[in-house]
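Visitor: I would like to learn how to read ring pairs and salt bridges in a protein model. Please take me through them step by step.

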Amino acid sequence: MNDHDLEALLSCFHEDYRSETPAHPDRSFTGRAQVRKNWIQMFETTPDLAVEFPRTTIDDDVAWIEMRMSDTQTNGDELDVRGVVIKGISRGQIEWGRIYLEPVQHSEDVTWEEIYAGDEDG
């Protein structure tokens with residue numbers, strides 16, 4: 001990811017990779033072809049993308065990964081996404097993933113109570 005080597009990144013994913021985004025079900029998909037499209041877009045819109053993995057735990061064939069993706073996008077917006085991804089690994093490739101990544105909220109006008117309640121307008 002940090003080398004922006006698309007082919008090396010894609011080689012980590014099984015051809016029939018299944019991506020599930022439980023909080024945003026419409027974002028779920030199947031297939032390495034969509035992984036390719038997603039990462040092409042990410043590398044094009046965030047050319048200096050930096051990915052950090054503060055913590056990783058592997059339990060048998062499942063990896064739990066804390067993740068942060070950040071940098072400035074080509075349109076000038078800051079990308080700051082954090083969360084957890086859970087990956088199922090078999091025969092040396094990622095077969096499935098559950099994605100729990102969200103943009104970091106940088107608004108100082110919102111209280112924790114409002115964020116927790118889902119009311120960002122106050």
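What follows is a short talk about aromatic pairs and salt bridges.

Guide: This is a predicted model, in which local features need pLDDT of at least 70 and side-chain atom pairs count only at pLDDT 80 or more, while totals for chains, interfaces and linings use all residues. Residues are numbered from 1 along each chain as its sequence is written, and side-chain values use heavy atoms, with hydrogens and water left out.

Visitor: How is a pair of aromatic rings described?

Guide: By the distance of the centres and the angle of the planes. Rings of Phe, Tyr and Trp (its six-membered ring) pair if their centres lie within 6.5 Å; planes under 30 degrees apart count as stacked, over 60 as edge-to-face and the rest as tilted.

Visitor: Are Phe 13 and Tyr 17 buried or exposed?

Guide: Both Phe 13 and Tyr 17 are buried. Buried means under 20% relative accessible area, exposed over 50%, and partly exposed in between (1.4 Å probe, protein chains only).

Visitor: What kind of pair do Trp 39 and Phe 43 form?

Guide: A tilted one, at 5.4 Å centre to centre and 45° between the planes. Trp 39 and Phe 43 both belong to helix α2 (residues 32-45), four residues apart, about one turn of the helix. Helices (H or I, at least four residues) and strands (E, at least two) are DSSP runs, numbered from the N terminus. Trp 39 counts as buried because its relative accessible area is 12%.

Visitor: How many salt bridges does the structure hold?

Guide: Eight. A salt bridge is a side-chain nitrogen of Lys or Arg within 4 Å of a carboxyl oxygen of Asp or Glu. Among them is Arg 36 with Glu 7, whose closest N and O atoms are 2.9 Å apart. This pair links distant parts of the chain, 29 residues apart: Arg 36 in helix α2 and Glu 7 in helix α1 (residues 6-10).

Visitor: Which residue forms a salt bridge with Arg 98?

Guide: Glu 20, with the closest N and O atoms 3.4 Å apart. Glu 20 is in strand β1 (residues 13-20) and Arg 98 in strand β7 (residues 93-103), so the pair ties together parts 78 residues apart in sequence.

Visitor: Which residues are linked in a network of salt bridges?

Guide: Glu 52, Arg 68, Asp 80 and Arg 82. Asp 80 is buried, at 10% relative accessible area, whereas Arg 82 is partly exposed, at 41%.
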